[in-house]
Amino acid sequence: MDSVRDIKLTDDMFERVGIDEEYSEHLEKPSITYWADVWRRFKENKLAIFGLILLIVVIGTIFLGPTIAGKDYQYIDASIKDQKPSAKHWFGTDDMGRDIFTRVCYGGRVSILIGLLCTVAMFFIGSILGAIAGLKGGWVDNFIMRIVEIIGNLPYLVIVIILTMVMGRSIFSLVFAMSITSWVGTTRMVRGQILQLKEQDYIEAATALGASTGRIIMKHLIPNTLGIIMVDITMSIPGFIFGEAFLSYIGLGVRPPQTSWGALASAGQQKLMFYPHELFFPCLMIVLTTLSFHLIGDGLSDALDPKLRK
C-alpha cells in the first residue's frame, strides 16, 4: 500500500482523447451578460442601428437647433411672413413671420415629451396591475381583468376628446386623456407573462421564504418581463406622438403660444396649395421620429427573442 501511495501522477501519464478543438475554443470564449448579448445582436441589425442614429439626429436637432439658429419661436415679423426656405430661415416662415425651423424644434419637444409621459404612465400602471393580477390570481385577477375589459371597451377617441374639452388644452390634460386607456394592453401582456413566470422555482422559493408581493413583483417578475415591455414601449411612443399630432390637428392640442408638430401641421394644411413647406416640415419630423422608433422596436424584438439566440 505504501508503494502505491508514493506514485506521483504527472500530465505525461495521460492522453487527451475525444476533444474537439473548435468546440474547445468556443468554450474558452468569455461569457457575457444577458443585456450584453442583447446589445450584440441589436448591433447586427443594420436597420435598427439606422433607426437609433436617426432618432439621435432628430432629438439633437430638436434641442440644439434653436440655439444654432439663434431665433425665438414666438418672435413675429410681419414683413417676412410666408417666406420659402432660405439660408436665413432654413424651413421658411409662417403666416405671422415666425421662423418655422425654430417652431418645429420647440413643437418637437412638446410632442416627444407628451409621448414619453404617456408611455411612462402606461408602463407603470400596466406593469403593476398586470403583475398583481397574474401573481395573485383568484378574485384579485378577476377584479382587475373586469376593470381592464370595461376600460378597454370604452371609445378611446370620444373619451380623449371629452376629457380634453373638460380639463382644458394643456400638456397635462393631453397626457391624462391619452393615458387613461393606454395601459389596458400592457396589463394583459404582463399578466400573460407573469402567469408563466410564477410557476418557476425561484418564485416559489421567494414565496416560501416569506417575501412580500411587492418584493416579488419588483425584484423577480418585472425584471424578467422587461424585455417584452421594452419592445412595447418603443412601439407605443410613436403611437402617442401621432395621437397628440391628431388631437392638435383637430384643434384639441396644446394652447398657443405653445405649439406641437400636430398644431404646426394643422396650421400648414390651411395653406397647402400656396405654401406647402409650412405643412411639409412638421409632417417630415413626425414621419422620421415614428420611423426611427419602429426600426428600434423591430431590432429590440429580434434581439430579445430567445429563439434567435446563437
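This is a predicted model: local features need pLDDT of at least 70, side-chain atom pairs count only at pLDDT 80 or more; totals for chains, interfaces and linings use all residues.

Residues are numbered from 1 along each chain as its sequence is written, and side-chain values use heavy atoms, with hydrogens and water left out.

Me: How many helices and strands does the protein chain have?
Reply: Helices (H or I, at least four residues) and strands (E, at least two) are DSSP runs, numbered from the N terminus. From that end on, the elements run α-α-α-α-α-α-α-α-α-α-α-α-α. The count for the protein chain is therefore 13 helices and 0 strands.

Me: What percentage of the residues of the protein chain count as buried?
Reply: Buried means under 20% relative accessible area, exposed over 50%, and partly exposed in between (1.4 Å probe, protein chains only). Of the 310 residues of the protein chain, the buried share is 40%.

Me: At what angle do helix H11 and helix H13 pack?
Reply: Axes are lines fitted to C-alpha atoms, for helices over the stretch in contact, and angles run from 0 to 180 degrees between N-to-C directions. The axes of H11 (residues 213-249) and H13 (residues 277-303) lie 8 Å apart, and the angle is about 165°. That makes H11 roughly antiparallel to H13, since angles under 35 degrees count as roughly parallel, over 145 as roughly antiparallel, 65 to 115 as roughly perpendicular and the rest as oblique. The value asked for is about 165°.

Me: How do the residues of the contact of H11 with H13 divide by class?
Reply: Contact means heavy atoms within 4.5 Å. Residues of H11, including Met230, Phe242 and Ala245, meet residues of H13, including Ile286, Phe293 and Asp298. Ala, Val, Leu, Ile, Met, Phe, Trp, Tyr, Cys and Pro count as nonpolar, Asp, Glu, Lys and Arg as charged, and the others, Gly among them, as polar. The contact of H11 with H13 divides into 12 nonpolar, 6 polar and 1 charged.

Me: Is the crossing of H4 and H13 left-handed or right-handed?
Reply: Helix H4 (residues 46-69) packs on H13 at an angle of about 140°, with the axes 8 Å apart. A crossing is left-handed if the near helix is turned anticlockwise from the far one by less than a right angle, and right-handed if clockwise. The crossing of H4 and H13 is left-handed.

Me: Within what distance do the axes of helix H5 and helix H9 come?
Reply: H5 (residues 100-136) and H9 (residues 183-197) cross at roughly 40°, and their crossing is right-handed. Their axes come within 7 Å.

Me: Which helices do the buried residues of H8 pack against?
Reply: Helix H8 (residues 171-179) is mostly covered, with 7 of its 9 residues buried. Among them are Ile171, Leu174 and Met178. The buried residues of H8 pack against H5, H7 (156-167), H9 and H11.

Me: Which residues is Asp141 in contact with, leaving aside its neighbours within four places in sequence?
Reply: Asp141 is found in helix H6 (residues 138-152). Its relative accessible area is 8%, so Asp141 is buried. With those neighbours left aside, Asp141 is in contact with Ala133 and Arg191.

Me: How many disulfides does the structure hold?
Reply: A disulfide is a pair of cysteine sulfur atoms within 2.5 Å. Cys105 is buried at 2% relative accessibility, whereas Cys283 is partly exposed at 29%. The number of disulfides in the structure is 0.
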